[in-house]
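Dear colleague,

I am handing over a structure for you to look at, and below it you will find an account of what came out of it. Please open it beside this message as you read.

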Amino acid sequence: MIHLGADDIAALLTPAAAAEAVGAALRDGLDPESCPARSGIPVPAGELLVMPAASATYAGVKIAGVAPANPGRGLPRITGSFLLLDGPTLLPVALLDAAALTTVRTAAVSALAIDALAAPDATRLVLFGAGPQAYAHLEAALEVRELTHLAVVSRTPEPAEALVAYARGLGLRAHTGTPSEVSGADLVICCTTAREPLFDGRLVPGRAAVVAVGSHQTAVRETDSELVRRSSVWVEARAAALREAGDLLIPLAGGVIAEDHIAGNLAELLRGGAKIPSDRPRLFKSVGMAWEDLAVAAAVLRAWTTVRETAVGPGSPAGKGRIVR
């Protein structure tokens, strides 16, 4: 069985290729509403998440640990592995790093949403968070929009400054900012562990798109009820959002919106025909789904196989993937 770590995944799959893998699954007819639900199991260190998915070609399951105390130990908050299986036989094929896979697929999903919902001439990004997801989302957003300005908003100054320096190296005019800077944004991306709204939703201009990916818990949210009320709301799947998305469930419980406030899911957004307004904010709320992990894991394996089958030098990505016996 092939073992592919974080470095392998990063080397084998570009942000554009990851987004294409997710988009292809939807365009080929995958119905995100019918996919299995995530199971969350409380454990002393945090939570174990079990996420199965299957297609005719591959099946897979991600077992991810969410350990809130890990960052204080210098360890990643998200841990675990994704087991990729052959679809017809269900024999194990590959084991992938779950944290790296989660980072890549979350940003890939967001890139598809940004491409569909953000103004074509969007240049100004306000990015909440400065961890791995922030870097991945910056790179994914740059694949689909010609951004020129970046404001990084984070509770921790040093990681924020590091992300600003990285963005400047990419040619962006970047600085550390404040939540009020959403008032001048074309695009707002939230990838944090915040439990309460990050900014005043009344400040977001009607031309802006907002992507929120930080949570999948019913009582946790990054955006406030006012933004949700004002916005055209899009999700990966209605069923998943109404199970897990606190950003939507809290305003639903408060009577601010009704369930039909959700304009559509990601498949409807990508397949065309969806009416996307330009007179109010467009909000995409992501909770993360197992079919996305499967699509990206399969793309990683295909890339590894392609590189492996060519004349490969010792420093290549395929040379790093290990065979586990």
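**Salt bridges**

Arg202 counts as exposed, at 60% relative accessibility, where exposed means over 50% relative accessible area, buried means under 20% and partly exposed lies in between, with a 1.4 Å probe and protein chains only. The model is a predicted one, in which local features need pLDDT of at least 70 and side-chain atom pairs count only at pLDDT 80 or more, whereas totals for chains, interfaces and linings use all residues. Residues are numbered from 1 along each chain as its sequence is written, and side-chain values use heavy atoms, with hydrogens and water left out.

Arg202 forms a salt bridge with Asp200, and the closest N and O atoms of this pair are 2.8 Å apart; a salt bridge here is a side-chain nitrogen of Lys or Arg within 4 Å of a carboxyl oxygen of Asp or Glu. By this rule the structure has 13 salt bridges. Asp200 itself is partly exposed, at 26% relative accessibility.

Another of these contacts joins Arg38 to Glu244, with the closest N and O atoms 2.8 Å apart. This pair links distant parts of the chain, since Arg38 sits in the loop between helix H2 (15–27) and strand E2 (39–43) while Glu244 belongs to helix H7 (residues 238–244), 206 residues apart. Helices (H or I, at least four residues) and strands (E, at least two) are DSSP runs, numbered from the N terminus. Arg38 is buried, with a relative accessible area of 15%, and Glu244 is also buried, at 10%.

Arg105 forms a salt bridge with Glu292, where the closest N and O atoms are 3.8 Å apart. Arg105 lies in helix H3 (residues 98–117) and Glu292 in helix H10, so the pair ties together parts that are 187 residues apart in sequence. Arg105 counts as buried at 4% relative accessibility, and Glu292 counts as buried at 0%. Both residues belong to a network of salt bridges that links Lys62, Arg105, Glu292 and Asp293.

Helix H10 (residues 290–309) has 20 residues and reaches 29 Å from its first C-alpha to its last, close to the 28 Å expected at 1.5 Å a residue, the expected span being 1.5 Å times one less than the number of residues. Of the 20 residues of H10, 14 are buried, so this helix is largely enclosed by the rest of the structure.

**The sheet of eight strands**

An open sheet of eight strands, with parallel pairing, has the order E9-E8-E7-E10-E11-E14-E12-E13; two strands are taken to pair if DSSP finds at least two bridges between them. The edge strands are E9 (173–176) and E13 (262–265), each of which pairs on one side only. From one strand to the next the twist averages 20°, taken from axes that are lines fitted to C-alpha atoms (for helices over the stretch in contact), with angles from 0 to 180 degrees between N-to-C directions.

Strand E10 (residues 187–190) runs parallel to strand E7 (residues 124–128), to which four bridges join it, and one of the paired positions sets Phe128 against Cys190 in E10. E10 also pairs in the parallel sense with strand E11 (residues 209–212), over four bridges, and there Ile189 stands opposite Val211. In a regular strand the side chains alternate between the two faces of the sheet. Both faces of E10 are covered: Leu187 and Ile189 on one side, and Val188 and Cys190 on the other, are all buried.

**Surface and loops**

Ile41, Val43, Leu48 and Ile63 form a nonpolar patch on the surface, with about 290 Å² of accessible area together. Ile63 is found in strand E4 (residues 58–66) and is partly exposed, with a relative accessible area of 45%. Patches are made of residues with over 30% relative accessible area and no salt bridge, where like charges are joined within 9 Å and nonpolar side chains (Val, Leu, Ile, Met, Phe, Trp, Tyr) within 5 Å, and accessible areas come from the Shrake-Rupley method with a 1.4 Å probe, with only the protein chains shown counting as cover for residues.

Gly254 lies in the loop between helix H8 (246–253) and E13, and counts as exposed at 59% relative accessibility. Leu90, in the loop between strand E5 (78–86) and strand E6 (92–97), has a positive phi of about 60° although it is not a glycine.

With best wishes
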